[in-house]
Amino acid sequence: MGSETETVNVEGIPFPAEITVGNPLSLLGTGITDIEIHFLQIKYNAIGVYLHNAGGGDSTTLLGHLGAWKGKTAEELLADAAFWAALVAAPVEKLFRVVVIKEIKGSQYGVQLESSVRDRLAAADLYEDDEEEALEKVADFFQSKYFKPGSVVTFHFPAPASASPGPAAEITFATEGKGDARIAVENGNVAGMIQTWYLGGDSAVSPSTVRSLADRFAALLAVAA
């Protein structure tokens, strides 16, 4: 999936500069998830954030939607919760590619995702029975998976204005020697908070990815029409 003509390396893992699912999606941010234990950095996943970045300045395009932040520095974007909320709400196709660096059980990843998304939904007063059920299905999807190094989790979020109605998101898990496993996320609130988990500014799971996105958007918005 996607063009392999140009790649960006993250911790030795190649990420295509462009991937085509529905529309061509550009790699606009990269980073890792990691923790520090006794001064030792343990890296878990490498992350690539792809967005449909078509030209034009109207509100249906990515840069048009974010036009209020034209001229802002990366530091200003990093500190502005409204910018990250607007990025999550941008009516464009998005894809997050998460590649495993350190092997873990899929259940560990699923529990972390479920807990983080549930907390965000509850804080926004959006955690009802439908959200609970949808989130449990996502956690169950990861329960039986094993995250070997090189395994790939893909989160695909179609553009909301897509002509054909479909799921709010699709999650794919691919690992060597096995066919791809997929699950559709029908609940829009859950799909939105999964986006927020990765794109949520200072509350996001990967500060390095958010920093990368802030740097890139500051540059893109500076020259936007």
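With 225 residues, a compact globule would have a radius of gyration near 17 Å, and the chain agrees, since its value is 17 Å. That radius is taken over C-alpha atoms, and the globule rule is 2.2 Å times the number of residues to the power 0.38. Please keep in mind that this is a predicted model: local features need pLDDT of at least 70, side-chain atom pairs count only at pLDDT 80 or more, and totals for chains, interfaces and linings use all residues. Residues are numbered from 1 along each chain as its sequence is written, and side-chain values use heavy atoms, with hydrogens and water left out.

**The chain as a whole**

- The chain has seven helices and ten strands; these are DSSP runs numbered from the N terminus, with helices being H or I of at least four residues and strands being E of at least two.
- The C-alpha trace spans about 50 × 40 × 35 Å along its principal axes.
- Of the 225 residues, 44% are buried (buried means under 20% relative accessible area, exposed over 50%, and partly exposed in between, with a 1.4 Å probe and protein chains only).
- Taking contacts between residues at least 6 apart in sequence, 63% join residues at least 24 apart (contact means heavy atoms within 4.5 Å).

**Aromatic rings**

- A pair of aromatic rings is described by the distance of the centres and the angle of the planes.
- Rings of Phe, Tyr and Trp (its six-membered ring) pair if their centres lie within 6.5 Å; planes under 30 degrees apart count as stacked, over 60 as edge-to-face and the rest as tilted.
- This rule gives 13 aromatic pairs.
- One of them is Trp69 with Phe83, an edge-to-face pair at 5.6 Å centre to centre with 75° between the planes.
- That pair links distant parts of the chain, 14 residues apart: Trp69 is in the loop between helix 1 (62-65) and helix 2 (74-78), while Phe83 is in helix 3 (residues 81-89).
- Both Trp69 and Phe83 are buried.
- Phe141 and Phe142 also form an edge-to-face pair, at 5.2 Å centre to centre and 75° between the planes, and both of these residues are buried.
- Phe141 and Phe142 belong to one aromatic cluster, whose members also include Phe96, Tyr109, Phe147, Phe155, Phe157, Phe173, Trp197 and Tyr198.
- Lys145 lies over the face of Phe141, 4.3 Å from the ring centre (a charge sits over a ring if NZ of Lys or CZ of Arg is within 6 Å of the ring centre and within 35 degrees of the ring normal).

- Ser151 lies in the loop between strand 7 (146-147) and strand 8 (152-157), and counts as buried because its relative accessible area is 1%.
- The side chain of Ser151 makes a polar contact with the side chain of Thr175 at 2.7 Å; a polar contact is a pair of N or O atoms within 3.5 Å, where within protein one must be able to donate a hydrogen and the other to accept it, and residues adjacent in sequence count only if both atoms are side-chain atoms.
- Beyond its neighbours within four places in sequence, Ser151 is in contact with residues including Val98, Val99, Val100 and Phe173.
- Val153 sits in strand 8 and is buried, with a relative accessible area of 1%.
- The C-alpha atoms of Val153 and Ala174 are separated by 6.5 Å, although the residues are 21 apart along the chain.
- Leaving aside neighbours within four places in sequence, Val153 has contacts that include cluster members Phe96, Phe142, Phe147 and Phe173.

- Asn45 is in strand 4 (residues 40-51) and counts as buried at 7% relative accessibility.
- Not counting residues up to four places away in sequence, Asn45 touches Val98, Val99, Val100 and Tyr109, among others.
- Gln108 lies in helix 4 (residues 106-123) and is partly exposed, with a relative accessible area of 45%.
- Gln108 and Ala139 are 31 residues apart along the chain, and their C-alpha atoms are separated by 9.3 Å.

**The loop between strand 3 and strand 4**

- His38 is in the loop between strand 3 (24-37) and strand 4, and Phe39 is found in that loop too.
- His38 has a positive phi of about 50° although it is not a glycine, and Phe39 has a positive phi of about 70°, again without being a glycine.
- His38 counts as exposed at 75% relative accessibility, and Phe39 counts as exposed at 80%.
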